[in-house]
Amino acid sequence: MTNPFFEPSTLPFGMPAFADIADEHYAPAFEEGMRQQLEEIAAITAQSDSPTFENTMIPLERSGQILERAAIVFFNKTSADSNAATDTLEEEIAPKFAAHRDAINLNSDLYGRIQLLHDGLDSSELDAEARYLVERYFTEFTLSGAGLSDDEKATLRDYNSRLSSLTTKFEKNLLADTNDLAVVVDSVDELDGLEASEISAAASAAAERGLTGKYLITLILPTNQPHLSVLRNADVRGRVLAASRSRGIRGGECDNRALVLEIARVRSQRAALLGFESHAAWVTADETAQNPQRVADMLGTLAPAAARNARAEHSALEKLAGTEVTAADWAYYSEKVRAEQYSVDTTQMRPYFEAERVLRDGVFFAATKLYGVTFSERYDLPTYHPDVRVFEVTNDDGSPVGLYTLDLYTRDSKRGGAWMNSLISQSELLGHPVIVTNNLNVPKPGAGETTLLTYDEVNTLFHEFGHALHGLFARVTYPKFSGTNTYRDFVEFPSQVNEMWMLWPEVLDNYAKHYETGEPMPREIVERIHASAAFNEGFLTSEYLAAALIDQAWHRISADDDVTDVAAFEAQALADVGLNNPAVPPRYSSTYFQHIFANSAYDAGYYSYIWSEVLDADTVEWFTNNGGLTRENGDRFRTLLLGVGGSKNPLEAFRDFRGQDAELQPLLNRRGLN
C-alpha cells in the first residue's frame, strides 16, 4: 500500500487519513521527506542565476511537504496518543530531525542567497509580507549559526543533536513517572469532598489499570492538582501533592535531574558558540523582549508585591484553619476563605459547567457573536483517537474557515497539560486550508455519566480555544507565517484575551445552566466571583513567577558555570527574589518543567505568559470600554490581529488594533499588585 504521507490527503480540508496511517508509515515518510527536502534545497543553491524572491524564497517555502505532513501527524500522536512504537521512534528520529534542520539552517550557500536578498530590500519592490519573509529568514538563519565557520558548525550540530535526544528523553520520563505516581485510594470515604462524577472518573481510571474496587487520582502537569481544593482528607491531600512534587527525583530510569543539568549545560555552551552570554540572551534576541534584562526587570518588579500578598493570604488561611497550612492544604483552605469572605465556592459552579454546554453554548457561542462563525460537527471524518471530535467552521456568508478538533479527556497515552496544534497550516502559496486541534486533560467519567468541568477547566478551554481561533483565522500567503507562528512571548496574548468571555454575562447566561434542572447559574454567584477577582492572586502570581524565574535562572547560566545540584540551584533562584515560601511551591519544579526541558519551545520563554498578559489586560479593558461582545469589535480584532498570523511584527499588529502601545496598569489592577 502507498504510504499515506507521500501524497496530500484527498479528504475534506486535507484531514489526514488517520484510518490509513499505521505506525510503520512514519519512519519511511520521515526518511523520504527529509531526502526530498534536501534535494529541493540543493536545487535552489545550484542555480547560477542571481538570487531573487521567486527563485529562492518561493521554492524554499514550497519545500518539505512530505516531511511536514508526516511530522505534524507524528508529533501530534506522540503528545496525544503515544505508544511503545512511537516512543521508540521519537527517540530515534529526534536527533535525525535535528540534523536535518541543521542541514538547512546552516547551509552557507542558501544563507548567502538570503543575505543578498536581505541586503537589497531597500531597493526591492516586494510587498510587505514578502519583505518580512526575507527579514525573518535572514534573522533566524543568522541566529541559528549559518554564519559560523565549518568547524563551529560541526560543534553546533553536535549540540543540537544532543539537545534533541535529551529533551525527548525528558518528556518520555515525565510521562512515565506521572503515570506511575498516580495516587491509589482504597476507600471511597477517603475521597470525601469530590463530586460523584469525579469519583466515577477515579474509579474508571483505576479499573483501566486493573485496580478494580479502588480509585485512582491521576496527576496533571502543574504542581498543584485540582482535587486539592476539595478533598477533606488531609492525608490524601498530602499524598497527592507529594506525588506531584516527586516527579523526576526518585532515582531510577525516570529521574530527570541529570537531564536538567545536561540540557542547561549544553544550551549554555551552544549560546556561547553563537556569540551570546547565555541561552536566555540567545532566545530573547528574537522575541519582543529583546534581552533577558528586560525580562528580569519586569519579573523583579512584580515578585515583591506578589510575595507580600501571598504572605498575607497565608496568614488568613492559618487564622481560619487554626493550624499550620502547608502547600498541600492551601487550595483547600483558600476555598474556605473565599467562601467566608466572598461567599464564593467554585465547587458550587460545577453542576452548571456541563462540558457539552460549555463548548457549544459558551465557547462556540462567544465566537459566533464576535466573529460570525458557526460550528457543525462532522462525523464522517477520521480522527487519531475515538475521543476526538471534529467541527467544520464556517463564516456567516457560508464561506469555509477550516476544521476544529477537540480532544478533551485525559489518558495514560497523553502528556499532561493543555495545548493547541495545527494538523494543516493555512497558506495561499500552497493552497492549504486549516485544521487546528485543542487538547485538554479532563478526567473521563464512567459510561453514561455526565462530564462536569471545574472552574479552571472551563477557563482552560476558553484559553486554548483562543489559540485555535488564532490558527483558524490567520490568512497569509506564506507557510512560515501561518496560524500561531509568531513570537513566543506574543503567542499567548490572543488565547488570554479569549478567557474574558467565560464570565461575560451574555455568554455565561447562555451556557451556565444546571445539568439536571436546566436552571441558570444564580446571578449572585457570578457577582461574588467578580468581587473576589483579586482573591488568592498573591499565591497564583507567586507560583507562576517562581516558575518563570526558575526558567530564567537555568537559562542565564554561562558556559563556565558548574551547577551540580538541581534542588539547591532552584532553591537559591527562588531565595534570590523572595519567592522561597514553602507554602507556595513553584507552578513547575525543574524535573517536571515540561515547558522548558522537553520539546515545548518555552525554554527561556516561560515569562511570555505574563509578558503577553500586559497586552491582554489592556485589550480586555479596550473591549469592555467599547461595547464588549459585538461583531464590530470582533471583526476589528480578527482583521487587524488574529488574521495576520505571523506575517508582520506582532507589536505592530497590536498597535494597528489598539491604536497605541499597551499600558502596564491594567495588569497590576487585575493581579492586585498596585
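Trainee: Where is the place of Asn536 in the chain?

Mentor: Asn536 sits in the loop between helix H18 (523–531) and helix H19 (537–555). Helices (H or I, at least four residues) and strands (E, at least two) are DSSP runs, numbered from the N terminus. Before we go on, remember that this is a predicted model, where local features need pLDDT of at least 70 and side-chain atom pairs count only at pLDDT 80 or more, while totals for chains, interfaces and linings use all residues. Residues are numbered from 1 along each chain as its sequence is written, and side-chain values use heavy atoms, with hydrogens and water left out.

Trainee: Is Asn536 buried or exposed?

Mentor: Buried means under 20% relative accessible area, exposed over 50%, and partly exposed in between (1.4 Å probe, protein chains only). Asn536 has 7% relative accessibility, so this residue counts as buried. Its phi is near 65 degrees, a positive value in a residue other than glycine.

Trainee: And what about the phi of Ala604?

Mentor: Ala604 is not a glycine either, yet its phi is positive, about 60 degrees. You will find Ala604 in the loop between helix H21 (594–597) and helix H22 (608–625). Ala604 counts as buried because its relative accessibility is 0%.

Trainee: How is a pair of aromatic rings described?

Mentor: We use the distance of the centres and the angle of the planes. Rings of Phe, Tyr and Trp (its six-membered ring) pair if their centres lie within 6.5 Å; planes under 30 degrees apart count as stacked, over 60 as edge-to-face and the rest as tilted. This structure holds 46 aromatic pairs. Take Phe364 and Phe391: their ring centres are 5.1 Å apart and their planes lie at 75 degrees, so this pair is edge-to-face. Phe364 belongs to helix H14 (residues 355–371) and Phe391 to strand E4 (residues 389–394), so the pair ties together parts that are 27 residues apart in sequence. Both Phe364 and Phe391 are buried.

Trainee: Which residues form one aromatic cluster?

Mentor: Among them are Phe490, Trp501, Trp622 and Phe657.

Trainee: Where does the charged end of Arg237 sit?

Mentor: A charge sits over a ring if NZ of Lys or CZ of Arg is within 6 Å of the ring centre and within 35 degrees of the ring normal. The charged end of Arg237 sits over the ring of Tyr332, 4.2 Å from its centre. Likewise, Arg247 has its charged end over the ring of Tyr592, 4.4 Å from the centre of that ring.
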